[in-house]
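Please consult the sequence and the structure shown below while reading.

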Amino acid sequence: MNPDIRALLERIYLDGTTYFDADGRYLHKVPSSFSAQDLQALDAAGLPPNALSTTTHDEAVTRLRALAARIDLGKAADAFVTSLSSADLSWQSVLPAACLGLAMPAHEFLPMSESNPICRVCFHDARGPLDLTERALFRSIQGTGWGSYGPVEAVAALEFALADPAWPQPGEHDAWTFHSLLELLAGLPAGSRYSLARKQLKAAKLLSANTVYRCESTLEALSFISVIENAGHPGLVTAWTSAVERDQRPNTRVEVPAPLAWWSADDGINTAVVERLFGAIRKPATRPSAPVAAKPKRATAPRVAGRSLPGPVAAGDVYAVRLREDLWTAVYCHAVADDDGPERGLVEYLDVLTPVPVVPEQLEGVGYRDRRNGQRWQAWCTGLAKTTGVRRVAQGLVAPPHARKHEATRLRTGAKDLRYTADLHFDLSG
């Protein structure tokens, strides 16, 4: 994914500002600070915000099976290996999505139950459409999106790949990374499960995006294509397994799906599948130099002028709280805790929403904002002086009056949570 496009999408999809529209659709708010050029760039990339799929179950299954038949598995395996260290993570999803399409039988929609309209064969969710742009972003961030949410996202992964004429080819460092990963898994202590494999993989720092979630998604992908599997819970290269079967776990503490949920080091590695899919990729005799990776472009909103007023937290302070890049609210500090615990102030939301942090002149006559259920709310808040997106904008203000006295509270919160609990006070869908 183009870094500039990804940075724009992160400002929409990672900001946490979501709402339901009049039709009950779950959407992401596009900040008003986006320019017409920003939106045109997303449209030109085929990634407009809130691109909700209208594909039906039967259409998705038919389309996936047809697309998978067009995929060159050798090229898909090359792309998978390259995604481990040098290519965009989106390429990790292509091979598992193709394997899903090749294994999936034609079938009718069969719900899990009367109250759970998810297909028990393929995971297609009839309750609502997938946001294809959101799934594309997370393919790029996490390497996911090969069918965990049903055939629609697998179709999107394959269409993305087939639209690109230049599939990535693994270099020597990519090949070394892939085989080092297999050796790491083969060398795990007897009985080791996915959690230890994930921990060891992160510690080895083999992957280009070395996060816990990315390490887990790579292990899930390897199990999905039968490189690591359990005899009773095979991957899709070995045998077709339905959504119901892949949703089975040994116990409620296991978060990953089958086959990975059931795999252990005792099951080893399916060398026949490795040879079949990756046989042309050999490990170099010595470790090659890692390619110089471009530093990921950070998703940065337009900078807001001004800084937080200095000094310790005090009664009479007003703190502006960023809700999203184009919307701020504020809280009033009534008092400061006088015990030996962490510095914390007793805060209450003010009835103010502004596109930039409020200034003292705008606070004249402003009262409190109770919860939408009519209850008055206060809490002891830590981190007011050191949390990104929270800044002191006024000091020494007299507390606004309130019609109802608030009883002493022991409720605690953190400054980083104020942007989320604001939804209980304000309608932020507009």
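Helix 5 (residues 94–103) is largely enclosed by the rest of the structure, because 8 of its 10 residues are buried. Burial here denotes a relative accessible area under 20%. The model is a predicted one.

The residues of helix 5 that count as buried are V94, L95, P96, A97, A98, C99, L100 and G101. Several helices contribute to the cover over these buried residues, including helix 3 (57–70), helix 4 (73–83) and helix 7 (151–162). Helix 10 (212–224), helix 11 (243–246) and helix 12 (271–278) are also among the elements that cover them.

## Packing of helix 1 against helix 2

Helix 1 (residues 3–13) packs with helix 2 (residues 36–44) at an angle of about 110°, and their axes are 10 Å apart. Angles of 65 to 115 degrees count as roughly perpendicular, and helix 1 and helix 2 are therefore roughly perpendicular to each other. The crossing in which helix 1 passes helix 2 is left-handed.

On the side of helix 1, the contact is made by I5, L8, L9, R11 and I12, and on the side of helix 2 by D38, A41 and L42. Classified by residue type, the contact of helix 1 with helix 2 has 6 nonpolar and 2 charged residues, with no polar residues.

## Packing of helix 8 against helix 9

Helix 8 (residues 172–186) and helix 9 (residues 194–204) pack with their axes 10 Å apart, at an angle of about 140°. Roughly antiparallel would require an angle over 145 degrees; helix 8 and helix 9 are therefore oblique to each other. Helix 8 passes helix 9 in a crossing that is right-handed.

The residues that form the contact are L181, L184 and L185 from helix 8, together with A197, Q200, L201 and A204 from helix 9. By class, the contact of helix 8 with helix 9 has 6 nonpolar residues and 1 polar residue, and no charged residues.

## D21 in the loop between strands 1 and 2

D21 lies in the loop between strand 1 (18–20) and strand 2 (26–28). Because its relative accessibility is 17%, D21 counts as buried, the limit for burial being under 20%.

The side chain of D21 reaches the backbone nitrogen of D23, at a distance of 2.9 Å.

Note on methods
Residues are numbered from 1 along each chain as its sequence is written. This is a predicted model: local features need pLDDT of at least 70, side-chain atom pairs count only at pLDDT 80 or more; totals for chains, interfaces and linings use all residues. Side-chain values use heavy atoms; hydrogens and water are left out. Axes are lines fitted to C-alpha atoms, for helices over the stretch in contact, and angles run from 0 to 180 degrees between N-to-C directions. Helices (H or I, at least four residues) and strands (E, at least two) are DSSP runs, numbered from the N terminus. Angles under 35 degrees count as roughly parallel, over 145 as roughly antiparallel, 65 to 115 as roughly perpendicular and the rest as oblique. A crossing is left-handed if the near helix is turned anticlockwise from the far one by less than a right angle, and right-handed if clockwise. Contact means heavy atoms within 4.5 Å. Ala, Val, Leu, Ile, Met, Phe, Trp, Tyr, Cys and Pro count as nonpolar, Asp, Glu, Lys and Arg as charged, and the others, Gly among them, as polar. Buried means under 20% relative accessible area, exposed over 50%, partly exposed in between (1.4 Å probe, protein chains only). A polar contact is a pair of N or O atoms within 3.5 Å; within protein, one must be able to donate a hydrogen and the other to accept it, and residues adjacent in sequence count only if both atoms are side-chain atoms.
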